[in-house]
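Look at the structure first, then read the points below.

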Amino acid sequence: MIFGHEIKNKNIAAFLGCAIFFVLISCDEDLTKINKNSNNNFPSQIIYNANIVQRDSGMIKLRATAPLIEKFEYIDSPYIVARKGINILFYDKKKPDVPGKITAKYAKFNEIKKFYEAKGNVKIISNENQMFAMQSVYWDQAKRLIYTSDTVYVTDKDGSTLVGANGMKAKDDFSEYTFFNNSGDINAQKIPEKKR
């Protein structure tokens, strides 16, 4: 009887060894399937209470503050997003002491395309003290072009107003801009005599 008991224990040990082997192999297969289908769209960097300064040749080009900035870089088209709003001061070489300002409730920057978007009560104040208000705006940095199809409300430093009902496009330094389907109260002295 002892001989039969030993065979039974060896069979149970062999069976448990095989069971553990198959469980481990099946776990490895499941892990490879999970890793193959994993989502890489998660922030690689998170900055709270961000205060960013960008310089070019020693001159400050941009100062940005935001309560939260997230960087997504493990995807095909990496981007940086400020979901809780952003305030930006941008400096021009022509007037380095007077910055322009941009505020928005949301902003996103595509690093590869050099493309910015801002949404939610967007306000841009140029260094000439012109205020542009809209719901969204896009900046193609490579083309140096800012544009929107939203209604744009412009208030000039002299108090005159302009409404671009179908949006606008402008150079990124606001030296030139075009409004679509516009109306407003404009100071006639600003219009050159040839166009009056």
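**Pocket and salt bridges**

Glu117 counts as buried, at 17% relative accessibility (buried means under 20% relative accessible area, exposed over 50%, partly exposed in between, with a 1.4 Å probe and protein chains only). This is a predicted model: local features need pLDDT of at least 70, side-chain atom pairs count only at pLDDT 80 or more, and totals for chains, interfaces and linings use all residues. Residues are numbered from 1 along each chain as its sequence is written, and side-chain values use heavy atoms, with hydrogens and water left out.

**Salt bridges**

- Side chains of opposite charge can pair when their charged atoms come close.
- The whole structure holds six salt bridges (a side-chain nitrogen of Lys or Arg within 4 Å of a carboxyl oxygen of Asp or Glu).
- Glu117 pairs with Lys119, and their closest N and O atoms are 3.2 Å apart. Lys119 is partly exposed, at 35% relative accessibility.
- Asp172 and Arg144 form a salt bridge at 3.0 Å, N to O. Asp172 lies in the loop between strand E12 (168-171) and strand E13 (177-179), and Arg144 in the loop between E8 and strand E9 (145-148), so the pair ties together parts 28 residues apart in sequence. Strands are DSSP runs (E, at least two residues), numbered from the N terminus.
- Asp172 is buried, at 16% relative accessible area, whereas Arg144 is partly exposed at 48%.
- Glu111 bridges to Lys71, with the closest N and O atoms 3.8 Å apart. This pair links distant parts of the chain: Glu111 sits in the loop between E6 and E7, Lys71 in strand E2, 40 residues apart. Glu111 is partly exposed, at 25% relative accessibility.

**Largest pocket**

- The largest pocket has a volume of about 1300 Å³. A pocket is an open set of points on a 1 Å grid over the protein atoms alone, where a 1.4 Å probe fits, with protein on both sides within 12 Å along at least five of seven lines. The volume is the space filled by probe spheres set on the points.
- Its lining has 41 residues (those with an atom within 4 Å of a point). Gln54, Leu62, Tyr116, Trp139 and Gln141 lie nearest the centre of the pocket.
- Strands that each supply at least two lining residues include E1 (45-56), E2 (59-72), E7 (115-125) and E8 (131-140). E2 gives the most, with seven residues.
- The lining divides into 23 nonpolar, five polar and 13 charged residues. Ala, Val, Leu, Ile, Met, Phe, Trp, Tyr, Cys and Pro count as nonpolar, Asp, Glu, Lys and Arg as charged, and the others, Gly among them, as polar.

Key. Helix = DSSP H or I, 4+ residues; strand = E, 2+ residues; numbered from the N terminus.
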